[in-house]
Amino acid sequence: MLVDTFGRTATDLRVSLTDRCNLRCSYCMPPEGLDWLPKPELLTDDEVIRLVGLAVRELGITEVRYTGGEPLLRRGLPDVVARTAALSPRPQISLTTNGIGLDRLAGPLAEAGLDRVNVSLDTLDRDTFKRLAHRDRLGDVLTGLAAARAAGLEPVKINTVLMRGINDHEAVPLLRYCLEHGYRLRFIEQMPLDAQHGWTRENMITADEILDRLSAEFDLAPDERHDRGSAPAESFLIGGGPETVGVIGSVTRPFCGACDRVRLTADGQIRNCLFATEESNLRDALRGGATDTELADRWRKAVWAKRAGHGIDDPSFLQPARPMSAIGG
């Protein structure tokens, strides 16, 4: 098992398949993009499956989420999903995506064994989308969402980041849209993971602010039907339920004490936290001929050193050198 010194056990593996993306969202990267990782540094499909298989068979991983960058840009993604679904014991398999290309791939991914998707959507306004993402692709995202639901990749979850003075007035319209279309909405506090290092607490829309804005239009109550456990989102019943909305207060309401996640970057580095400043290199060991036992030992040692929390409120906090696109969500 992947246990740390605080007694937490990692069972949720986030695997980045690429650092590339076809959007340029302002809270992630500059409009001109970034210097992408050279292809030889990226894990191959076989290497991804070997490490994921090791994690599932030997290290207690029960959920695998493929992320990016934008994972739909990874050639052979349906095959990677199919090979993951063939593992024993079979893990739950999910995908975090911006939705562009999902209209083509939702069906093949569902057939390959994908269980569900999380789609990023920060606005329903075309002009605002272009301002945020520096691309005119809102229609593609909405089409991708519909395709995911039609393919049975449910619940289709939508992740939204509200930014002050840009889209913070859209909290209520976004929730209405999701209720009308059968999507499950989760608002996420903006985190200091942008490549430009321009994040400030003052500009962040907090969980309390989000709830205040939603409560002006909806009757919200904490969802106490299920134990939250390690889930990052606080869930709220809308009008008594059964529909819910989630709020992930990563900054102001950290859930580090129950964290069960570990990350594998596209270039084969183990990260214990989105905000970690240390990494453990599995790629070079794998390519150097390490056995599964040796790789598992490296992985366990990496997780054992996991810190108590992300430390954003600590005066010594340093934003990680890698932006979100190079870490994986």
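**How the helices pack**

Analyst: Let's start with α3 and α5: their axes come within 8 Å and cross at roughly 15 degrees. Keep in mind that this is a predicted model. Angles under 35 degrees count as roughly parallel, so α3 and α5 are roughly parallel to each other. As for handedness, α3 passes α5 in a right-handed crossing. On the α3 side you'll find Leu102, Asp103 and Ala106, and they meet Thr143, Gly144, Ala147 and Ala148 of α5. Sorted by class, that contact has four nonpolar residues, two polar and one charged.

Now over to the other partner of α3. Helix α2 (residues 77–85) packs with α3 (residues 102–112) at an angle of about 20 degrees, the axes being 8 Å apart. That makes this pair roughly parallel too. Here α2 passes α3 in a right-handed crossing. Leu77, Pro78, Val81, Ala82 and Ala85 are the α2 residues in the contact, while α3 brings Leu105, Pro108, Leu109 and Ala112. By class, you get nine nonpolar residues, with no polar and no charged ones.

Back to α5 (138–150), which has the buried residues of α4 packed against it. In α4 (residues 126–133), those buried residues are Thr128, Phe129, Leu132 and Ala133. They cover an arc of only 110 degrees around the axis, so they sit on the same side of α4.

Technical notes
Residues are numbered from 1 along each chain as its sequence is written. This is a predicted model: local features need pLDDT of at least 70, side-chain atom pairs count only at pLDDT 80 or more; totals for chains, interfaces and linings use all residues. Side-chain values use heavy atoms; hydrogens and water are left out. Axes are lines fitted to C-alpha atoms, for helices over the stretch in contact, and angles run from 0 to 180 degrees between N-to-C directions. Helices (H or I, at least four residues) and strands (E, at least two) are DSSP runs, numbered from the N terminus. Angles under 35 degrees count as roughly parallel, over 145 as roughly antiparallel, 65 to 115 as roughly perpendicular and the rest as oblique. A crossing is left-handed if the near helix is turned anticlockwise from the far one by less than a right angle, and right-handed if clockwise. Contact means heavy atoms within 4.5 Å. Ala, Val, Leu, Ile, Met, Phe, Trp, Tyr, Cys and Pro count as nonpolar, Asp, Glu, Lys and Arg as charged, and the others, Gly among them, as polar. Buried means under 20% relative accessible area, exposed over 50%, partly exposed in between (1.4 Å probe, protein chains only). The arc is that of the directions from the helix axis to the C-beta atoms.
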